[in-house]
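Try each task before you read its solution.

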Amino acid sequence: MDFSAVIVAAGSSTRAGPGAPKPWRSLGGRPILSWSIDAFAAAGARQIVVVVADGWIDEAAELLEAVDNWAVVQGGATRAESVQAGLKAVTGPADTPVLIHDAARPLLNGAHIEALLAALADADGAVPALPMADTLKRGTGGVVSETVPREGLWRAQTPQAFRLSTLTDAYGAWPADAEPTDDAAVVERAGGKVAITPGDPRLMKLTYPEDFAMAEQLAGGARITRIGQGVDAHRWGPGEAVWLCGVKIEHDQTLIGHSDADAGLHALTDAILGAIGEGDIGEHFPPSDPQWKGAASDRFLLHAVEILTNKGGRIINADVTLVCERPKIRPHRDAMRERLAQLLGVPLDRVSVKATTTEGMGFTGRQEGLLAQAIVAVETPA
């Protein structure tokens, strides 16, 4: 379902203890704000609007570089003002579904988004919520004055979903001297029907210093392993050297290709792109583009690694197999492993380079060309 997202990241973070504002603190090795951006982008948001405090616009824009349609706006003195600033930046029809999300709830995933959009089909708004499990007490001066029944009470979370015009009009009717606790309250006051979707403990809001340690533990579990495979082949032609896995080898022939024809790096690049669903090397570096003629293939591999890193992922290990009769790979294998480990940013023991022949069979056996196969394991946010 087509939707837009507004991520509110303009709070003062006064309760979070010393340090940068919450959206810019690190979680799992990257800014907290980036977790929500990546989740909405992966779910197919048509536009992502980020609302930030004064002085953080450039930093937010940098995190959004990989997003096709985005905007960064400065927030207001209150959350309600920040939300309305974000709504003004949303483009599209009045009935566009818009998800309003607090950056301080970073462990968002596609299932949360899908449930909200589905609920919005029969309601004016939708909010994820958890039923109250604890006994509720009302107290003053450190003394309990009343035990409050918990039946029918829910803990509201974000993101919360609405049609663009529904939420905009509801805010327009909200009293200027009152501050809503969330966006659903604004739509409720305007007479809107707000549906409840299943909440998730992982959507906890990072508020106090101790929350960040818990989030780190949860973030570690909210990751998955993906496997990618790449295959590349080039024909032999006249030459004096060949590039394989980033290493130049003196030889009586060379591999023919638009770039330097390093089949090992090409296969490994495709394996990484495949693991994260980002197409293949030809889509990112078309052979028809003259700027890549004779280019060093390490540029292609570093590009794939950068895409993976920007998604919050990392290389676990890589395994490359070269299929050829000549040149002999064993004398150069250690140098190849060292170069690949450097390019991938991983320890040497996570890289393998192997070679085999086809016992004279096929195009590699007839020494018409060389074949490279690569398998890579990566870890990414779930």
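A charge sits over a ring if NZ of Lys or CZ of Arg is within 6 Å of the ring centre and within 35 degrees of the ring normal. Keep in mind that this is a predicted model.

**Exercise 1. Which ring does the charged end of Arg25 sit over, and which ring does that of Arg189 sit over?**

Step 1. Start with Arg25: its charged end is placed over the ring of Phe212, at 5.3 Å from the ring centre.

Step 2. Move to Arg189, whose charged end lies over the ring of Trp174, 5.9 Å from the centre.

**Exercise 2. Find how many aromatic pairs there are, and classify the pair Trp24 and Trp56.**

Step 1. The count comes to 3 aromatic pairs.

Step 2. The ring centres of Trp24 and Trp56 are 4.9 Å apart and the planes meet at 10°. Planes under 30 degrees apart count as stacked, so this pair is stacked.

Step 3. Now place the partners. Trp24 is in the loop between β1 (4-9) and β2 (26-27), and Trp56 is in the loop between β4 (47-52) and α2, so the pair ties together parts 32 residues apart in sequence.

Step 4. Check accessibility, where buried means under 20%. Trp24, at 14%, counts as buried, while Trp56, at 24%, is partly exposed.

**Exercise 3. Classify the pair Phe285 and Phe300: stacked, tilted or edge-to-face?**

Step 1. The centres of the two rings, Phe285 and Phe300, lie 4.4 Å apart with planes at 35°, so the pair is tilted.

Step 2. Phe285 belongs to the loop between α9 (281-284) and α10, and Phe300 to helix α10, so parts 15 residues apart in sequence are tied together.

Step 3. Both Phe285 and Phe300 are buried.

**Exercise 4. Describe the lining of the largest pocket.**

Step 1. Take the volume: about 1100 Å³.

Step 2. Of the 40 lining residues, those closest to the centre are Asp38, Ala41, Ala42, Asn310 and Lys311.

Step 3. Trace the elements. At least two lining residues come from each of β3 (30-31), α1 (32-42), α2 (57-63), α10 (298-310) and β19 (369-381). The most come from α1, with 7 residues.

Step 4. Sort by class: the lining holds 20 nonpolar, 9 polar and 11 charged residues.

**Exercise 5. Where is Thr321, and what does its side chain contact?**

Step 1. Thr321 is found in strand β17 (residues 314-323).

Step 2. With a relative accessible area of 16%, Thr321 is buried.

Step 3. The Thr321 side chain makes a polar contact with the side chain of Lys354, at 3.3 Å.

Definitions and conventions
Residues numbered from 1 in each chain as written. Predicted model: local features only at pLDDT ≥ 70, side-chain atom pairs only at ≥ 80, totals over all residues. Heavy atoms only, no water. 1 Å grid on protein atoms, 1.4 Å probe; cavity = no way out; pocket = protein on both sides within 12 Å on 5 of 7 lines; lining within 4 Å. Points joined across faces, edges and corners; volume = space filled by probe spheres on them. Helix = DSSP H or I, 4+ residues; strand = E, 2+ residues; numbered from the N terminus. Nonpolar A, V, L, I, M, F, W, Y, C, P; charged D, E, K, R; others polar. Phe/Tyr/Trp six-rings, centres within 6.5 Å; stacked < 30°, edge-to-face > 60°. Buried < 20%, exposed > 50% of the residue type's maximum accessible area, 1.4 Å probe, protein only. Polar contact = N/O pair within 3.5 Å; in protein donor to acceptor, adjacent residues only side chain to side chain.
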